[in-house]
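Subject: Structure handover

Dear colleague,

I am passing on the structure below, followed by an account of what was found in it. Please keep it open beside this message as you read.

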Amino acid sequence: MNAGGTDVSIQVMADSINISPYPYSEEPLTRLELSGALEALEDMELELVDWDANAFATAGNAPVDVARLVDETFTKVLGCDAAYEPRATTEDLG
């Protein structure tokens, strides 16, 4: 839940994240850049896999950087405060 009381979620895979719902109309990499979410991830070469305005956004990268990207996205893009408490579920896809 973000600081405004809205439920937010990020689906995390081994090498990508999926923000759904993605509540913005602008391109996700632009949103990540403008929010400052990528400042601490300078070495990351993020790839936009797919997105649909106000629906979802999927970005991929090396697995080692995904956790840092998730935290930066929750706090700087989706509006969670620094003390947010994530809840997680797992799903076997295979």
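A salt bridge is counted here when a side-chain nitrogen of Lys or Arg lies within 4 Å of a carboxyl oxygen of Asp or Glu. Please note that this is a predicted model, in which local features need pLDDT of at least 70 and side-chain atom pairs count only at pLDDT 80 or more, while totals for chains, interfaces and linings use all residues. Residues are numbered from 1 along each chain as its sequence is written, and side-chain values use heavy atoms, with hydrogens and water left out.

With that rule, the structure holds 2 salt bridges. In one of them arginine 31 pairs with glutamate 26, and the closest N and O atoms are 2.6 Å apart. For accessibility, buried means under 20% relative accessible area and exposed over 50%, with partly exposed in between (1.4 Å probe, protein chains only). Arginine 31 is partly exposed at 23%, and glutamate 26 is likewise partly exposed, at 27%.

The other salt bridge joins lysine 76 to glutamate 72, with the closest N and O atoms 2.9 Å apart. Both residues lie in helix α2 (residues 63-77), where they are 4 residues apart, about one turn of the helix; helices (H or I, at least four residues) and strands (E, at least two) are DSSP runs, numbered from the N terminus. Lysine 76 is partly exposed, with a relative accessible area of 37%, whereas glutamate 72 counts as buried at 13%.

Turning to the strands, two of them are said to pair if DSSP finds at least two bridges between them. There is an open sheet of 4 strands in the order β1-β2-β4-β3, with antiparallel pairing. Its edge strands are β1 (10-12) and β3 (47-52), each of which pairs on one side only. On average, neighbouring strands of this sheet are turned by 15° against each other, direction ignored; the axes are lines fitted to C-alpha atoms, for helices over the stretch in contact, and angles run from 0 to 180 degrees between N-to-C directions.

Strand β2 (residues 16-19) and strand β4 (residues 56-60) run antiparallel and are joined by 4 bridges, with alanine 59 in β4 as the bridge partner of isoleucine 17. Strands β3 and β4, also antiparallel, are joined by 5 bridges, and alanine 57 in β4 is the bridge partner of tryptophan 51. These two strands, β3 and β4, form a hairpin with 3 residues between them, and asparagine 54 in the turn has a positive phi of about 60°. Helix α2 lies across β1 and β2, running at about 20° to β2, where contact means heavy atoms within 4.5 Å.

Grid points are joined across faces, edges and corners, and a volume is the space filled by probe spheres set on the points. The count comes to 1 cavity of 30 Å³ or more, and the largest cavity has a volume of about 30 Å³. Residues lining the largest cavity include Ile17, Pro28, Leu48 and Ala59. The elements giving two or more residues to this lining are β2, α1 (28-35) and β4, and α1 gives the most, with 3 residues.

With best regards

Notes: 1 Å grid on protein atoms, 1.4 Å probe; cavity = no way out; pocket = protein on both sides within 12 Å on 5 of 7 lines; lining within 4 Å.
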